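I opened this notebook to record, entry by entry, what I looked up in one chain and what the look-up returned.

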Amino acid sequence: MNKLAFTLYSIFIILFSGFLGYYYAQHPLITPQSPLTPLKEKLRPLDKYSFENLSKRDWQPVELKIESELDYKPTTVSPPYNFKQYLFSFIVDGKRVTGQLNYPTMKPLRQQSSSHSAPVIAMFRGYAPRETYETGIGTRPSAAVFAQNGFITVAPDFLGYGGSDPRDEDEMAGRFESYPIALILLRSLIEPKFVCALPDPTSCPDSSLSTRHTSLFLFGHSNGGHIAIATLEIAGNSPSFAGKTFPTVLWAPVSKPFPFSTLVYTDEADDLGKLQRKNLAKFEEDYDVNLYSVHNYLDWIKSPIQLHQGYSDQEILYWWSQEFEKTLTAKSKTLKAFYYPGMNHNMTPGWNTAISRSLAFFRSHTK
């Protein structure tokens with residue numbers, strides 16, 4: 001190649017390289033590794049159910065709608081009954097939840113002045129098989145005693161039970177949906193207008209009742225006890241419930257850390273828990289289970305608790321409750337525990353003693 005040809009070739013290469021540099025500056029190559037193509041963030045739909053996030057949620061009251069009157073005949077109290085029983089419903093995150101509401105018809109409650117309170121107990125039941133479930137099962141016997149003695153009782157069925165909408169198809173989400181149900185119900189019961197929304201018009205004789213504060217309590221049995229503990233924790237750290245306490249009675253509560261609190265019962269499933277363990281393993285790939293466990297947030301509890309536990313309980317082992325009591329006592333929480341020799345998971349044969357002590361506890365905290 002002569003000198004002229006080499007010079008022309010070199011000039012061509014320089015100009016062509018410059019052209020390519022300019023072109024790709026205006027039209028950059030986009031590759032899978034390019035910073036111009038951000039990686040799609042992995043969706044984590046269950047983050048909203050962590051106790052931290054639930055405590056930050058702005059909980060708003062909803063309407064409690066009376067659907068119809070119920071004709072259940074309780075056997076734990078003798079006629080005449082001093083209360084009426086109703087099917088009620090409310091909406092939680094777009095889903096309908098039903099339940100049983102007992103409303104005392106006692107004259108002192110109906111005609112009380114605005115300086116007094118109408119005591120209300122939110123009641124959470126334990127496990128119940130869907131195929132035989134009816135609204136109120138799991139809380140009816142104790143609710144009848146409380147209502148007969150002047151307390152309004154409100155017991156949700158939870159999703160998938162009674163006339164409620166189905167629970168989430170995802171097993172973990174279905175479990176966690178119980179927390180918003182309890183918290184929205186609790187927030188709605190705080191509102192003074194709740195009493196005025198009841199079917200008895202004499203409950204609102206004048207507008208002065210709109211400023212009345214309502215004494216509000218929790219009652220939880222078995223897994224309902226777990227829901228009550230979680231509710232106390234989340235509400236205790238939530239601005240939506242600031243300054244409010246909810247004296248609580250727990251009967252044989254599930255107080256162990258999650259997921260042990262559910263795995264311990266997997267042998268009762270038809271597949272001996274195979275599907276549940278599979279779903280839990282998948283959940284733990286993306287989530288920290290401690291953020292969804294009652295054992296991790298006991299410091300948030302601000303309400304006094306009365307606990308009842310039978311030594312012969314085969315569902316909730318008595319040392320679970322003893323450990324729970326010891327932990328709360330060490331944290332300077334207010335808890336009084338009663339242990340009963342020979343008593344099973346349903347509080348028999350000492351049921352009358354347990355319900356009498358529970359009633360006395362609620363009465364002592366009625367404002």
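**Entry 1, the whole chain.** I began with burial and noted that, of the 367 residues of the chain, 47% count as buried, where buried means under 20% relative accessible area, exposed over 50% and partly exposed in between, with a 1.4 Å probe and protein chains only. The model is predicted, and I kept in mind that local features need pLDDT of at least 70, that side-chain atom pairs count only at pLDDT 80 or more, and that totals for chains, interfaces and linings use all residues. Residues are numbered from 1 along each chain as its sequence is written, and side-chain values use heavy atoms, with hydrogens and water left out.

I then counted elements and found 12 helices and nine strands, which are DSSP runs numbered from the N terminus (helices H or I with at least four residues, strands E with at least two). For contacts, meaning heavy atoms within 4.5 Å, I noted that residues 24 or more positions apart account for 75% of those in the chain with a separation of 6 or more.

**Entry 2, strand β8.** How many residues of strand β8 are buried? Six of the six, in residues 305–310, so the strand is largely enclosed by the rest of the structure. In a regular strand the side chains alternate between the two faces of the sheet. Here I saw Ile-305, Leu-307 and Gln-309 point one way from β8, while Gln-306, His-308 and Gly-310 point the other way, and all are buried.

I looked up the neighbours next, taking two strands to pair if DSSP finds at least two bridges between them. Strand β7 (residues 248–251) pairs with β8 in the parallel sense over four bridges, and Thr-248 stands opposite Ile-305. Strand β9 (residues 335–340) also pairs with β8 in the parallel sense, over six bridges, with Lys-336 as the bridge partner of Gln-306. Together with helix α11 (residues 318–330), β8 and β9 make a right-handed β-α-β unit; right-handed here says that, with the strands pointing away from the viewer, the path from the first strand over the helix to the second runs clockwise.

I found β2 mostly covered, with eight of its 10 residues buried. It pairs with β1 in the antiparallel sense over five bridges, where Gln-85 is the bridge partner of Leu-70, and with β3 in the antiparallel sense over 10 bridges, where Leu-87 stands opposite Gln-100. The hairpin of β2 and β3 has two residues between the strands, and Asp-93 takes a positive phi near 50° there, although Asp-93 is not a glycine.

Where did I find cis peptide bonds? One joins Pro-79 and Pro-80, with omega about 0°, and Pro-80 lies in the loop between β1 (65–70) and β2 (83–92). Another joins Phe-258 and Pro-259, with omega about 10°, and Pro-259 sits in the loop between β7 and α9. I also listed Phe-158, which has a positive phi of about 75° without being a glycine; Phe-158 lies in the loop between β5 (152–156) and α5 and counts as buried at 6% relative accessibility.

Leu-216 lies in strand β6 (residues 216–221) and counts as buried at 5% relative accessibility. Not counting residues up to four places away in sequence, Leu-216 touches Val-120, Leu-186, Leu-189, Ile-190, Thr-245, Phe-246 and Pro-247. Leu-216 and Pro-247 are 31 residues apart in sequence and 7.5 Å apart in space, C-alpha to C-alpha. Thr-139, in the loop between β4 (120–124) and α4 (140–148), is buried with a relative accessible area of 3%.

The largest pocket has a volume of about 1700 Å³, the space filled by probe spheres set on grid points that are joined across faces, edges and corners. A pocket is an open set of points, on a 1 Å grid over the protein atoms alone, where a 1.4 Å probe fits, with protein on both sides within 12 Å along at least five of seven lines; lining residues have an atom within 4 Å of a point. By class, the lining has 20 nonpolar, 18 polar and 12 charged residues, with Ala, Val, Leu, Ile, Met, Phe, Trp, Tyr, Cys and Pro counted as nonpolar, Asp, Glu, Lys and Arg as charged, and the others, Gly among them, as polar.
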